Amino acid sequence: MPKRKPVVVVTRRLPEVIETRMRELFDARLNENDKPPTHEELAEAMRTADVLVPTITDRIDASLIAQAGEQMKLIANFGNGVDNIDVASALRRSITVTNTPGVLTEDTADMTMALILAVARRIVEGANVIGAGSWGGWSPTWMLGRRITGKRLGIVGMGRIGQALARRANAFGLSIHYHNRRRLPAEIEEQLEATYWESLDQMLARVDILSIHCPHTPATYHLLSARRLKQLRPHAILVNTARGEIVDENELVRMLESDELAGAGLDVFEHEPAVSPKLLKLAQAGKVTLLPHMGSATIEGRIDMGEKVIVNIKTFIDGHRPPDRVLPSML
């Protein structure tokens with residue numbers, strides 16, 4: 001008698017090639033209309049599936065995990081971060097959690113560098129002027145931005161993405177500074193020409209551009225608090241392609257409104273998908289560049305993520321430890 005295929009519930013549309021492969025391998029229940037599932041729909045999936053494949057917009061909290069059926073043994077997250085999943089509660093229910101690390105590194109670093117350039121050189125403002133048909137011609141004093149060569153870049157979180165950004169920033173002539181929970185080995189610091197700061201506060205007071213690349217955990221919630229944001233100098237710009245909750249968004253808005261910061265580039269927001277009306281107003285005034293969480297949005301990246309999800313599921317079903325298992329101690 002053939003072995004039953006595991007029931008795998010996928011909460012959002014994935015690249016076609018990934019969905020086709022999932023149908024071949026599993027009893028895949030796909031989301032054809034790509035509408036985000038409700039809390040009750042997620043609960044039903046937890047009660048019936050062997051494997052749940054959520055994305056970063058699906059909050060798999062303790063109340064959902066408590067409703068999981070006995071057959072539910074794996075949450076294979078389609079995403080690098082797992083701040084949307086209560087990993088500790090899952091572990092207590094003997095449910096394994098995996099993610100998709102590594103495959104988004106280059107794409108996110110590319111977008112971060114693009115945002116640094118966009119804010120410093122006022123690229124979106126310039127494009128909007130052309131789009132509005134209101135350009136009156138070249139002027140030597142119009143639409144002046146800031147040169148980035150020779151400036152100090154501060155990186156908060158020097159993991160894969162932070163290091164990938166450092167490599168790109170080096171090519172643009174930026175001086176690399178970083179703060180991390182653990183100092184990098186000397187040979188990596190030398191390769192990246194990076195200066196380590198044990199004190200985040202001291203680094204903030206000395207950089208021209210700040211880029212955030214740490215995960216969102218209880219320890220990093222509002223890591224860039226009102227007090228810390230005030231350490232930045234008025235000519236500094238802040239770029240965030242990590243998670244919105246790491247920055248005190250209200251204080252960031254206040255500082256941009258009062259010209260205590262020169263600008264910001266945000267791909268993530270504290271109350272996503274809601275975007276503060278004040279931020280939208282600042283964007284219209286050219287004080288902030290806003291993107292709709294698209295830092296990792298490449299065709300290649302999404303396919304790589306899906307392939308990692310499939311490998312994690314197959315490895316788990318075959319009775320082995322999946323390569324991308326996440327434990328509470330890792331967060």
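Domain bounds here come from an automatic or database domain assignment. The model is predicted. On that basis the protein chain splits into domain 1 (7-103 + 299-330) and domain 2 (105-290). The C-alpha centres of domain 1 and domain 2 lie 31 Å apart.

**The interface between the domains**

How many residues of domain 1 are in contact with domain 2? Seven residues of domain 1 are, and they meet five residues of domain 2. The size of an interface is often given as the accessible area lost when the parts come together. For domain 1 and domain 2 the buried area is about 570 Å². Carbon and sulfur atoms give 31% of that area.

The rule finds three residue pairs in polar contact across the interface of domain 1 and domain 2, both residues of each pair being at pLDDT 80 or more. On the side of domain 1 that touches domain 2, three residues are nonpolar, three are polar and one is charged.

The rule also finds one salt bridge across this interface. Asp83 forms a salt bridge with Arg243. The closest N and O atoms of Asp83 and Arg243 are 3.4 Å apart. This pair meets the criterion because a salt bridge needs a side-chain nitrogen of Lys or Arg within 4 Å of a carboxyl oxygen of Asp or Glu.

**The six-stranded sheet**

An open sheet of six strands runs in the order β2-β1-β3-β4-β5-β13. Its pairing is mixed. Which strands stand at the edges? They are β2 (27-29) and β13 (325-326). Each has a single partner strand, so one side of each is left without a neighbour in the sheet.

Strands of a sheet pair through backbone hydrogen bonds, either parallel or antiparallel. Strand β4 (residues 74-76) and strand β5 (residues 96-98) pair in the parallel sense, over three bridges. Leu74 has Thr96 in β5 as its bridge partner.

**Backbone points in loops**

Two backbone angles deserve a look. The peptide bond from Glu272 to Pro273 is cis. Pro273 is found in the loop between β11 (263-266) and α12 (277-284). Phi of Glu193 has a positive value, in a residue other than glycine. Glu193 lies in the loop between α8 (186-192) and β8 (194-196).

| Site | Angle | Loop |
|---|---|---|
| Glu272 to Pro273 | omega near 5° | Pro273: between β11 (263-266) and α12 (277-284) |
| Glu193 | phi near 50° | Glu193: between α8 (186-192) and β8 (194-196) |

Notes
Residues numbered from 1 in each chain as written. Predicted model: local features only at pLDDT ≥ 70, side-chain atom pairs only at ≥ 80, totals over all residues. Heavy atoms only, no water. Contact = heavy atoms within 4.5 Å. Buried area = accessible area lost by both parts, 1.4 Å probe. Polar contact = N/O pair within 3.5 Å; in protein donor to acceptor, adjacent residues only side chain to side chain. Nonpolar A, V, L, I, M, F, W, Y, C, P; charged D, E, K, R; others polar. Pairing = 2+ DSSP bridges. Helix = DSSP H or I, 4+ residues; strand = E, 2+ residues; numbered from the N terminus.
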